[in-house]
Amino acid sequence: MQPCRWPLWMRTWDAAATLLAALLAALLAALLAAGPLAADTPRPATAPRLASGGSPAVVAEECVIRFAEIVDVPALDAGPLAEVAVTQNEEVEAGQLLARLDDRTLAIRRHAAELKREIAQQRVADDLEVQFAETAYQEALEELESNRAVYDASSGAVPLSTLRRLRIAVERANLERERVKKSGRQAEIELELQTAELEVIDDHLRRLKVQSPISGIVLTVDHRPGEWLATGETVAQIARLDRLHVQVLLSEDMLPQRAAPGAAVLVRWSEAGVEHSLRGRVTSVDPQQMAGGRYRLHAMIENRAVAGGWLLLPGREVQMVLYPLAAGSATADGSRAEESKNSEAATDLQSPATARSAQRRLTAPVAPVAPGAPGAPGARQR
């Protein structure tokens, strides 16, 4: 009895399938050893647990640092630009003068308003008219009382017409006294009006000065002296350097979206062979997810000033390590305890050797399966 032999075309197909399976296995191993495929899509990796009962840290590679706050400083009034007080890339403080519009006309108006207020102040302080009116009233009143005493002592010694004339004189003096008092009150109101007008002019002068609302660095200066500025037109752009923003794409498999807000973060990078790190915290997570269960996470980093500038500048690619809070640590004491654990673990993970060791374990290539071995792709079971 002849043994059963497969047809030639079936034996050729079997060999080709075995060879194709071996090539696919080798290609998969090479891709796993190569690391992330795209620079703009960070791949998170789970590091060892921070401590007994702690949450696992999540490492995201190639995160780009950006400015946390950029302000377009506008002109608050319209007019010709008289002065630009800063230059590009200059560091400024909050409230520092950036530019100034032409204020010559307002300066003249302010001088006139100051003179008017000074006149009003003199009128309020001058009480000569009040004293004169009070003296005239007292004189008329005493003369009336003197003639009335004579009339009472000797009937007919003073004519009644004289008494009526003296009573009218007293009434006239009293009215004059009230008129002077009213004039004094009007002088006080006039002083308040002049003071208010001066404050309006001062406010207008302040609006002609373009000042920086924050401390930071001047990114751009958009105008030069002599140019006309419209109200609301941007004069300069200022960015903060004491705080920086970092965003990264994470997967739900690596870190659940609900566990990300409030997590402590550590960014680290190498510069001229020296390792640096800064701490921060997750500020928000985008509510909309992307394809593959990915979502965008935002964190705020506290920068540090060093000699000659700042430790970290926007645009640098860094590695970010996230330390999410453990489940059930919503209380204040639990949060502080977890944050303390994470901080201690973050100090340990700052070591470059620790980071490289964890990365090698996570990206270790898968050994290819020998063709024809049991379980290999394309192996035919007899």
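Which residue forms a salt bridge with D102? The partner is R104, and the closest N and O atoms of the pair are 2.9 Å apart. The notes below take this contact and others in turn.

1. Basis. This is a predicted model, in which local features need pLDDT of at least 70, side-chain atom pairs count only at pLDDT 80 or more, and totals for chains, interfaces and linings use all residues. Residues are numbered from 1 along each chain as its sequence is written, and side-chain values use heavy atoms, with hydrogens and water left out.

2. Salt bridges, overall. The whole structure holds 13 salt bridges, the term meaning a side-chain nitrogen of Lys or Arg within 4 Å of a carboxyl oxygen of Asp or Glu.

3. A bridge within a helix. D203 and R206 form a salt bridge with an N to O distance of 3.7 Å. Both residues belong to helix α4 (residues 160–207), and because they are 3 residues apart there, about one helical turn separates them. An α-helix has 3.6 residues a turn, so residues three or four places apart point the same way. D203 is partly exposed at 36%, and R206 is exposed at 51%. Helices (H or I, at least four residues) and strands (E, at least two) are DSSP runs, numbered from the N terminus.

4. A bridge between a loop and a strand. The side chains of D286 and R296 also meet in a salt bridge, at 4.0 Å from N to O. This pair links distant parts of the chain, 10 residues apart: D286 sits in the loop between β13 (274–285) and β14 (294–302), and R296 in strand β14. D286 is partly exposed at 24% relative accessibility, and R296 is partly exposed with a relative accessible area of 24%.

5. Nonpolar cores. A nonpolar core is a set of buried Ala, Val, Leu, Ile, Met, Phe, Trp, Tyr and Cys residues joined through side-chain atoms within 4.5 Å. The largest has 26 residues, of which L250, V267, L297, L312, M320 and L322 touch the most other members. Two or more residues of this core come from each of β2 (56–67), β11 (243–251), β12 (264–271), β13, β14 and β17 (317–323). Leaving aside residues up to four places away in sequence, L312 touches I65, L244, V267, W269, L278, N303 and V318, where contact means heavy atoms within 4.5 Å. A second, separate core has 23 residues, including L98, L208, V210 and I238.

6. Strand pairing around β10. Two strands pair if DSSP finds at least two bridges between them. Strand β10 (residues 234–239) runs antiparallel to strand β3 (residues 70–74), and 5 bridges join the two. Strand β8 (residues 216–221) also pairs with β10 in the antiparallel sense, over 4 bridges. A236 of β10 is the bridge partner of V73 and also of V221.

7. Helix α3. This helix (residues 128–153) has 26 residues and spans 38 Å from its first C-alpha to its last, close to the 38 Å expected at 1.5 Å a residue. The expected span is 1.5 Å times one less than the number of residues. A133, Y137, A140, L144 and N147 of α3 are buried, and what covers the buried residues of this helix includes α4.

8. A buried serine. S251 lies in strand β11 and is buried, with a relative accessible area of 15%. The side chain of S251 reaches the backbone nitrogen of D253 at 3.2 Å.

9. Where does N89 lie? N89 is in the loop between β4 (79–84) and β5 (91–92), and its phi is near 70°, a positive value in a residue other than glycine. N89 is exposed, with a relative accessible area of 54%. A272, in the loop between β12 and β13, has a positive phi near 55° and is likewise a residue other than glycine. A272 counts as exposed at 80% relative accessibility.

Technical notes: Buried < 20%, exposed > 50% of the residue type's maximum accessible area, 1.4 Å probe, protein only. Polar contact = N/O pair within 3.5 Å; in protein donor to acceptor, adjacent residues only side chain to side chain.
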